Amino acid sequence: MAKIIDGKAIAQSLRDSVKVQIEDMRKVSPTFTPKLSIIQVGDREDSSVYVNMKRKAAKEVGMDFELFHLPTSITQFELVDKVHQLNNDPKVHGILVQLPLPDHLDDREVTEAIDPKKDVDGFHAINIGHLSKRASEPAFIPCTPKGIIELIKSTGVSMSGKKAVVVGRSDIVGTPVASLLTKNNCTVTICHSKTVNLPQIVKTAEILVVAIGSPEFVKGEWVKDGAVVIDVGTNAVEDKTKKSGFRLVGDVEYAEAAKVASHITPVPGGVGPMTVGMLVENTFLSALRFYKESFNR
Ligand code: NDP
């Protein structure tokens, strides 16, 4: 049976470490306070759940947190203006616009309006561009892909020279995680909805990352013996035995895959907690960078 990669515990130690680093900085500079500002538009229930998790994590590590909860009726101009205000606020080190936005708003334009130096989600084209370049580093690595790499590192399995397969090519998970795996010297294949012979390609993966949003789509029998399996998918499926009426499952058929993999992430409790952990780490790193820059002016 595969070893379970405990994302919850790894994310907790990451938050503990950020907390200690903030406390240490305060010994040197008592006013040092990283601040994360989130803009949420509308009242999507899932967005509110994610925003609350981010608020909780920020508070836990000793950061300032501010939420701008804006009505769905807001215009594109007003939203971009809000982003500019936060760009120009020296107390703010991290800006995140909770996606998805309502249909009448252009999320690409809003994402590009964020100052790349405060883009703690790492979605700005400048940061994504640096992530993709061989000899350059972005100001911020997107949180979920960054968390995935930490989970792989936690297994002790070396990435260098390994055959990695990423299923899913979204801008927020699949494509940036493929860039990071390449930076870590994996040989990477990216698959998507038009890929032919997906099971055969998955079978070649020594490291498998799946982010498609389809419950238990990747079957256990597709998984190579001894593979490290990272399941990003978070899908609610009906379950009458639960009080809520549903349970969360990943994109991988967990029970079967765990019989052949060497390491596997559970859902929930795998990738999810790492995403929030990396957000507070990115915000701390941003505050530290602004602090250091203030001495060079
Ligand atoms: P998107 O919908 O943006 O992208 C899905 C990708 O999967 C696309 O590239 C799509 O291909 C591909 N795909 C869809 N169906 C198939 C298929 N049958 N075979 C092969 N490829 C397929 O999803 P996200 O990347 O945003 O999210 C993916 C999953 O990860 C979701 O369950 C989401 O909830 C979860 N997630 C979890 C996070 C966490 O912190 N735990 C964070 C972010 C996401 P194509 O490009 O051809 O359309």
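This is a predicted model: local features need pLDDT of at least 70, side-chain atom pairs count only at pLDDT 80 or more; totals for chains, interfaces and linings use all residues.
**Ground rules.** I number residues from 1 along each chain as its sequence is written, and side-chain values use heavy atoms, with hydrogens and water left out.

**Ligand site.** I looked up which residues surround the ligand. There are 21, and Arg-169, Ser-170, Ser-193, Thr-234 and Thr-275 come nearest; a residue counts as near if one of its heavy atoms lies within 4 Å. By class I noted 11 polar, nine nonpolar and one charged residues in this shell. Here Ala, Val, Leu, Ile, Met, Phe, Trp, Tyr, Cys and Pro are nonpolar, Asp, Glu, Lys and Arg are charged, and the others, Gly among them, are polar. Helix H10, residues 271–296, gives the most to the shell, with three residues. Helices (H or I, at least four residues) and strands (E, at least two) are DSSP runs, numbered from the N terminus.

**Polar contacts.** I took these as pairs of N or O atoms within 3.5 Å. A polar side-chain atom of Ser-170 is 2.6 Å from a ligand oxygen. For Thr-275, a side-chain N or O atom lies 2.7 Å from an oxygen atom of the ligand. Thr-234 uses a polar backbone atom, 3.1 Å from a ligand oxygen. The protein covers 69% of the 920 Å² of accessible area that the ligand has on its own, by the Shrake-Rupley method with a 1.4 Å probe.

**Sheet.** I traced six strands in an open sheet, in the order E1-E11-E8-E7-E5-E6, with parallel pairing. The edge strands are E1 (3–4) and E6 (187–191), each pairing on one side only. Two strands pair if DSSP finds at least two bridges between them. E8 (residues 228–231) and E11 (residues 263–264) pair over two bridges, and Val-229 has Ile-264 in E11 as its bridge partner.

Most residues other than glycine have a negative phi, and most peptide bonds are trans. I found a cis bond, with omega near 0 degrees, from Leu-99 to Pro-100; Pro-100 is in the loop between strand E4 (94–97) and helix H4 (107–113). The bond from Val-267 to Pro-268 is also cis, and Pro-268 is in the loop between E11 and H10. Asn-185 is not a glycine, yet has a positive phi of about 70 degrees; I located Asn-185 in the loop between helix H7 (174–183) and E6.

Technical notes
A polar contact is a pair of N or O atoms within 3.5 Å; within protein, one must be able to donate a hydrogen and the other to accept it, and residues adjacent in sequence count only if both atoms are side-chain atoms.
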